[in-house]
Amino acid sequence: MRYRDSLLDLLAFTSLWSSTNAHGGKSLGEELRARQVYARDNHMNLRHCADKFERDGLYARAFERRAVQLDTLRKRSQFADDSKNHQARDGFFDFVSDDFGFSSTKHDGCVLHPELTEGPYYIEGEKVRDNLVDGQDGVLFLLDLQIVDSHTCEPVDGVYVEIWHTNATGVYSGVVADDNGSGKADKHNAYTTFNRGIQKTSEDGVVFFTSIFPGHYTGRAPHVHVMTHIKPEIRKDGTIISNTATHIGQLFLDQRLILDIEALSPYRKNKNKLTYNVEDYYFRQAFETSNPIMPWMKLGWPGHEHAILGWMPVGINMSNVRHAYVAGTLKPEPTD
């Protein structure tokens, strides 16, 4: 596989070992060792499920689902029908398709597991919703995630999938911290919820989110955090409280796509140094056993010429449970 071989050549010159502290308290070396121990006894990608997916029609249903979803969004937003001959990329592989480019559905998939960090900015109590934009400026980013039991290769119905990521300039909502955006001077940020949300999987294990393409911050390549919960507490206001996760992981973006989008406004206003995927410790950690880069395609909708659809089959081990590090809990902003 040319992509994997070329990236491994780059990784050969990059150390996989670091003694600096990781998010959540463990050193990076400790996280790497824990991941290696986990990998010995567990599936770390979904290649072993490919034949079953084909037999059960999962690939065909995914193709149809995305086509219907995009058509619905296009009509709802009064976009013109501009769905033909778009370029799609799965990793670094290019092809042109007149049918939404969904043949690249056949992706190895990543497996979320208990040892890939949730980072320092996980906020519990987020809203069950599919639109996470909250007025943020940036490139429209549609995410289609399909949750699969990594042992049975069956889609997982009724699991709550939570995602969170930065805005275009590398700021996380809900957190006031020295190394997040304007730092502790921005007290209002504690009450924001942009680019965070939770959805319950369908019978086919699917969730769909509308967000904006994530920006970068110092030391990290653009990425999307993903966490799954089973039977969390759902509050009357439609939010969920649960720091108990079946799995936690991160999804990454194609480096060439990142460079294209970073040249656009408001991304180019980001003053943080861009970290490439191959320089990101957590990308390298995930890439050892799977391809964590989301397949994607540009939609080219009028008014959203740079809009992106990204998708990923995500495997989870239903028998593993852990408690996430919580930076805070969402609270309403004081009115006085």
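Visitor: Let us start with a strand pair. What is the bridge partner of L143 in β16?
Guide: L143 has G310 as its bridge partner in β16. Strands are DSSP runs of E with at least two residues, helices are runs of H or I with at least four, and both are numbered from the N terminus. Please note that this is a predicted model, in which local features need pLDDT of at least 70, side-chain atom pairs count only at pLDDT 80 or more, and totals for chains, interfaces and linings use all residues. Residues are numbered from 1 along each chain as its sequence is written, and side-chain values use heavy atoms, leaving out hydrogens and water.

Visitor: How many bridges join β6 to β16, and in which sense do they run?
Guide: β6 and β16 run parallel and are joined by nine bridges. β6 also pairs with β9, in the antiparallel sense, over seven bridges; there, Q146 has V206 as its bridge partner. Two strands count as paired if DSSP finds at least two bridges between them.

Visitor: Why is β6 described as largely enclosed?
Guide: Ten of the ten residues of β6 are buried, so the rest of the structure largely encloses it. Buried means under 20% relative accessible area, exposed means over 50%, and partly exposed lies in between, with a 1.4 Å probe and protein chains only. F141, L143, L145, I147 and D149 point one way from β6, while L140, L142, D144, Q146 and V148 point the other way.

Visitor: Which residues touch the most other members of the largest nonpolar core?
Guide: They are F141, L145, I163, F213 and M294, in a core of 31 residues. A nonpolar core is a set of buried Ala, Val, Leu, Ile, Met, Phe, Trp, Tyr and Cys residues joined through side-chain atoms within 4.5 Å. Elements that each supply at least two residues of this core include β6 (140-149), β7 (160-164) and α5 (255-262). Another core, of 13 residues, lies apart from it and has Y172, A177, A245 and I248 among its members.

Visitor: What does I163 touch?
Guide: Leaving aside residues up to four places away in sequence, I163 touches L132, L143, L145, N195, R196, G197, F209, V224, H225 and V226. A contact here means heavy atoms within 4.5 Å.

Visitor: Now the open sheet. What is its strand order?
Guide: The order is β8-β7-β10-β14, with antiparallel pairing. β8 (196-200) and β14 (247-252) stand at the edges with a single partner strand each, so one side of each has no neighbour in the sheet. β10 and β14 are joined by six bridges, and H223 stands opposite F252 in β14.

Visitor: On to aromatics. How many aromatic pairs are there?
Guide: The structure holds eight. Rings of Phe, Tyr and Trp (its six-membered ring) pair if their centres lie within 6.5 Å; planes under 30 degrees apart count as stacked, over 60 as edge-to-face and the rest as tilted. Y122 and W164 have ring centres 4.9 Å apart and planes at 45°, so the pair is tilted. Y122 lies in the loop between β3 (110-112) and β4 (123-124) and W164 in β7, so the pair ties together parts that are 42 residues apart in sequence.

Visitor: Are those two residues buried or exposed?
Guide: Both Y122 and W164 are buried. F283 and F287 form a stacked pair, 5.7 Å centre to centre with 20° between the planes.
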